[in-house]
Amino acid sequence: MGMTITEKILAASAGKKNVEPGDLIDAKIDCIMCHDVTTPAAISMLKEKGIDKVFDNKKIVVTPDHFQPAKDIKSAELHKRLDDWARAKKIKNYYPLGKAGVCHALLPEQGHIKPGEVIIGGDSHTCTYGAFAAFSTGIGSTDLAAAIATGTLWFRVPSSIKFVLNGKLSKGVYSKDVILDVIAKIGTDGALYKAMEFVGPALKSMSMEARMTITNMAIEAGGKNGIIGFDDVTKKYLDEHLKDKKAYKVYESDADAKYEQTIEINCSKLEPMVAFPHLPSGGKEIGDCKGLAMNQAYIGSCTNGRIEDLRIVAKIMKGKTVKIRTIIVPATPVIWKQAMDEKLFDIFYAAGCVVSAPTCGACLGGFMGILAAGEKCISTTNRNFVGRMGSPKSEVYLASPATAAASAIEGKLVDCRKYL
Amino acid sequence: MAKAHVYKRDHINTDEIIPARYLNTDNVAELATHCMEDLDTGFIKKCKPGDCIVAGDDFGCGSSREHAVWALQGAKVGAVIANNFARIFYRNCINCGFYPIELTDATSKIKDGDEVEIDYKKGVITNKTQKKEITFKPLPDFAIEIINDGGLLEHIKKGTAD
């Protein structure tokens, strides 16, 4: 019996020839992502237990991002704990303020993500890195502590669901619309404990940035990981970003690999989507929700704060002004600089938007862009749970950067295609 | 005696269990004061040590924040009984030595305010109010071992010491 790409990576990480869904394995970890919310606790746990060591200071990537720059004393203290530890343990890949960025945009950009590897992080959206044909998944602080100390972690091998993305995206429809459609179809627990493998011709025309938007939201369907196979697009990105270009292994799903389910999506027929509160599965086609008034637009986050996203927003906003509070957050300093060099900030400024430094800030109701009771926000983030961006009585609507930009201009949900 | 607090809801998520606005600390006592705040502001007042939460599908979906489990533990919640759990939350529970109990149709078998007693090892919930015994599939052995060792880190430490 053949194996899926997820099974092959996990088998290799455990030094096994074969694994099957349900098997418990001890995986060797290739890369650990650490940020300011879940890592300080992991560091304290290790100290408390007297196992205060780091398995490999080159395989840990640290960046404060959730409350960065520190929004208050408590956040500053979290950052200090992270900073003290990263320096004491001589962590090679440490990105403090100035270099710090939204982790899931930063790691691939800085060349830390390689195909075939097992990557974990104390953040549920760690599944993003699956776009690079890697196994990546989110964990809590205790698992993080264990992995930091030992470089291994146990996993139950997940069964896989195959999503075949047929056809081609039409103008104004983006990978964000694809994943919102998928989650609307299967629900927020439709892929509970499972690997979500994305294949199909529609991926060919999607950049790595666009693919990361899809794998980023695998957790919003309950998935353990999201994964996309290696191709020329992957290779090109890696050639441009990896420091050590040949040191990775490419795994592919076998033709006779077993899938629990296969779901076909005709991407040619997809429309721009908006996920209504309070679940990411609340996706509706824009035609069914046009006209709903918004109070704020938020464009950024690990889902859609990349340069490609900002270019789309700039294209729509050029020569226009926004009707509602609009916050734009480039996800990393490199993206920020790129956007500035490309004069996108001039467009955002003229349109009446505010641009911030890279941060997770408002996406999780942390700071900078918090919603008051009764307010509605059109957001390019990944989650619209109750109270996600502020008051439990506020509402978050998830959409693509194009839909968010167009809606910001009119102050209500609109079809972005009229601006393209 | 443990009282059941029943929420007939699916997808009770980590933002509802502990809102992200409080994640600028990992102090358990502080997190506990905000436990379940965005779902039920009265929860902390009515929850007594050992009480359990009963809910529908996909409990704990969302963030990887272990703070959700710490908030429940800090609020002295004894266990969460749900139809099923989100993967990361379930794993975090075991790592922290906290019991996630999977029970089909949980909210129809246990009513709000019912007095319950849980035998984790045997997989039996005695519903004293309804005078009924409800069986559930106990956690797998390796998970029980981790919980009995006092969580994953103690478990690892023990392994290293051996």
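**A walk through the structure**

In helix 10 of chain A, the residues Ile307(A), Asp309(A), Leu310(A), Ile312(A), Val313(A), Ala314(A), Ile316(A) and Met317(A) are buried, where buried means under 20% relative accessible area, exposed means over 50%, and partly exposed lies in between, with a 1.4 Å probe and protein chains only. This helix spans residues 307–317 and is mostly covered, since eight of its eleven residues are buried; helices (H or I, at least four residues) and strands (E, at least two) are DSSP runs, numbered from the N terminus. The buried residues of helix 10 pack against strand 14 (296–299), helix 9 (301–304), strand 15 (325–328), helix 11 (333–341), helix 12 (344–351) and helix 13 (401–410) of chain A, a contact being heavy atoms within 4.5 Å. Just after helix 10, Gly319(A) takes a positive phi of about 75 degrees.

This is a predicted model, in which local features need pLDDT of at least 70 and side-chain atom pairs count only at pLDDT 80 or more, while totals for chains, interfaces and linings use all residues. Residues are numbered from 1 along each chain as its sequence is written, chains are lettered from A and ligands numbered from 1 in the order in which they are written, and side-chain values use heavy atoms, with hydrogens and water left out.

Chain A as a whole has 13 helices and 18 strands, and buried residues make up 65% of its 420 residues. Among contacts in chain A between residues at least 6 apart in sequence, 77% join residues at least 24 apart. Another enclosed element is helix 5 (residues 141–150) of chain A, which is largely enclosed by the rest of the structure because nine of its ten residues are buried, among them Asp143(A) and Leu144(A). Just after helix 5, Gly151(A) takes a positive phi of about 75 degrees.

We can now turn to charged residues. Lys224(A) sits in the loop between helix 7 (208–216) and strand 10 (225–228) of chain A. Although Lys224(A) is buried, it has no salt bridge, and the nearest side chain of opposite charge, Asp143(A), is 9.3 Å away; Lys and Arg count as positive and Asp and Glu as negative, while His and the chain ends are not counted. A salt bridge is a side-chain nitrogen of Lys or Arg within 4 Å of a carboxyl oxygen of Asp or Glu. The backbone oxygen of Arg156(A), however, lies 2.5 Å from a polar atom of the Lys224(A) side chain. Leaving aside residues up to four places away in sequence, Lys224(A) touches several residues, including Phe135(A), Tyr193(A) and Arg87(B).

Over all chains, the count comes to 31 salt bridges. In one of them, the side chains of Asp26(B) and Arg81(A) meet at 2.8 Å, N to O. Asp26(B) lies in the loop between helix 1 (14–17) and helix 2 (28–32) of chain B and Arg81(A) in helix 3 (residues 73–88) of chain A, so the pair joins two chains. Asp26(B) counts as buried at 18% relative accessibility, whereas Arg81(A), at 30%, counts as partly exposed.

Lys235(A) also forms a salt bridge, with Asp239(A), and their closest N and O atoms are 2.8 Å apart. These two residues are four apart in helix 8 (residues 232–241) of chain A, and are therefore separated by about one helical turn.

Note on methods: Polar contact = N/O pair within 3.5 Å; in protein donor to acceptor, adjacent residues only side chain to side chain.
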